[in-house]
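Hello,

Here is the structure we talked about. Please open it first, then read my notes below.

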Amino acid sequence: MSENTKNQRMVRLLPGLALCLLVIWSGIYGADLIGAALGAAGLLPEGGKSPVSGIFVAILVGIIIRNTVGLPEIFISGVGFSVKYALRAGIILLGLRLSLTEALTLGAWGMPLIIACITVGISVTLFFTKLFGQSNRLGALIANGTGICGVTAIMATAPVIRAKENEISYAIANITVFGLLGMLFYPYLAHFFFADEPIKAGLFLGTAIHDTAQVTGAALMYEQMYGSTLALDVATITKLTRNLFIIAVIPLIAYLFFRSEGQDGNPMPKWYKLFPFFILGFLLLSFLRTVGDATLASGGQAFGIFSASGWEEFYSFWSSFGSTYMLGLAMAGVGLSTNLKIFRGMGLKPFYIGLIAAISVGAVSLLLISLFGDLVQLAY
């Protein structure tokens with residue numbers, strides 16, 4: 001790519017990125033205004049935090065903008081870049097907040113819960129797809145989107161099972177509406193059930209919400225409202241672990257679909273085309289944090305360069321930059337990308353399937369975490 005082409009691409013991204021920044025700043029300011037108004041009305045104790053987070057308000061502001069004045073073409077590239085690449089960059093930088101041992105321990109101990117939720121999401125979706133007489137293709141798309149990683153899983157599955165355009169749109173609409181509702185309200189539900197147990201709250205957010213962006217948004221809201229960094233870390237690791245199952249589940253869903261249809265399937269995508277490689281970036285920075293901590297403990301300087309305070313300042317700055325700016329940009333982009341017109345003409349039966357699947361996954365997650373979540377906390 002020539003230097004001129006790169007510059008032109010950057011220029012195309014700037015308006016959308018600037019709009020996302022404006023939306024996230026308005027969200028933070030709006031949340032503070034709400035808190036101040038409630039405080040003035042005597043509904044909050046003096047000095048109390050706003051009951052809504054800046055992320056929550058920013059997403060709503062983005063949705064309102066997209067569905068009233070619309071999103072002109074000049075902003076689309078930058079908004080799309082924020083949702084896709086700023087989200088991944090933010091998640092990768094979060095790796096600096098945890099040692100590799102902590103990350104792998106939480107991922108391993110959360111694995112049974114993740115498998116249970118994926119199994120329930122897929123099984124319930126396929127069962128009600130058949131019960132309501134909907135197409136197996138639509139059921140397969142909603143099942144993967146609910147069980148694994150939202151829109152990414154839908155788009156990876158669609159060409160394999162030769163899904164029709166309206167089926168893809170219906171499935172994405174399902175994931176969007178129920179994932180968005182989960183993102184906005186599950187942080188409150190998580191705090192209601194697990195107020196003093198951030199690991200359990202993070203496990204719930206990481207397993208009960210569909211899309212990676214939606215999980216991240218919910219966990220950021222939880223962190224902002226209840227001051228729990230650990231809940232954000234656990235939710236992120238849980239979701240990244242869950243995303244890995246895309247490699248195994250998409251071929252399984254495709255096999256079940258073509259067996260029921262009695263057709264030969266399309267060739268499966270290569271495994272590396274399904275693998276979410278940004279997970280490796282998260283683990284790499286966790287490894288960097290681990291080595292830095294180890295060299296600091298053994299030699300008094302991290303990597304022979306940073307003092308204890310300098311090393312803490314380094315990883316705190318970059319992890320905070322990821323969670324505040326990169327993920328903030330991504331969440332503003334989520335709101336600006338939510339076009340409610342996609343729901344027009346959507347039949348009620350696919351909506352019911354998505355609703356039942358979402359409730360089932362959330363209920364199983366709550367139940368299993370309540371019963372066995374203490375084991376993960378003890379391991380951590």
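**The largest pocket**

The largest pocket has 33 residues in its lining, and Val83, Val151, Thr152, Asp211 and Ala213 are the ones nearest its centre. Helix 3 gives the largest share, 6 residues. The lining splits into 20 nonpolar, 9 polar and 4 charged residues. The volume of this pocket is about 1000 Å³.

Some terms. A pocket is an open set of points on a 1 Å grid over the protein atoms alone, where a 1.4 Å probe fits, with protein on both sides within 12 Å along at least five of seven lines; lining residues have an atom within 4 Å of a point. Points are joined across faces, edges and corners, and the volume is the space filled by probe spheres set on them. Ala, Val, Leu, Ile, Met, Phe, Trp, Tyr, Cys and Pro count as nonpolar; Asp, Glu, Lys and Arg as charged; the others, Gly among them, as polar.

**How to read the model**

This is a predicted model, in which local features need pLDDT of at least 70, side-chain atom pairs count only at pLDDT 80 or more, and totals for chains, interfaces and linings use all residues. Residues are numbered from 1 along each chain as its sequence is written, and side-chain values use heavy atoms, without hydrogens and water.

**The whole protein**

The protein has 16 helices and 0 strands (DSSP runs, H or I of at least four residues for helices, E of at least two for strands, numbered from the N terminus). Its radius of gyration is 21 Å, close to the 21 Å of the globule rule for 380 residues, so the protein is as compact as a globular protein of that length. That radius is taken over C-alpha atoms, and the rule is 2.2 Å times the number of residues to the power 0.38. Of the 380 residues, 48% are buried (under 20% relative accessible area; exposed is over 50%, partly exposed in between, with a 1.4 Å probe and protein chains only).

Thr241 sits in helix 11 (residues 229–243). Thr241 is buried, at 11% relative accessible area. Beyond neighbours within four places in sequence, Thr241 is in contact (heavy atoms within 4.5 Å) with Gly107, Met111 and Ile114.

Phe303 is in the loop between helix 14 (278–299) and helix 15. Phe303 is not a glycine, yet its phi is positive, about 60°. Phe303 is partly exposed, at 32%.

Best wishes
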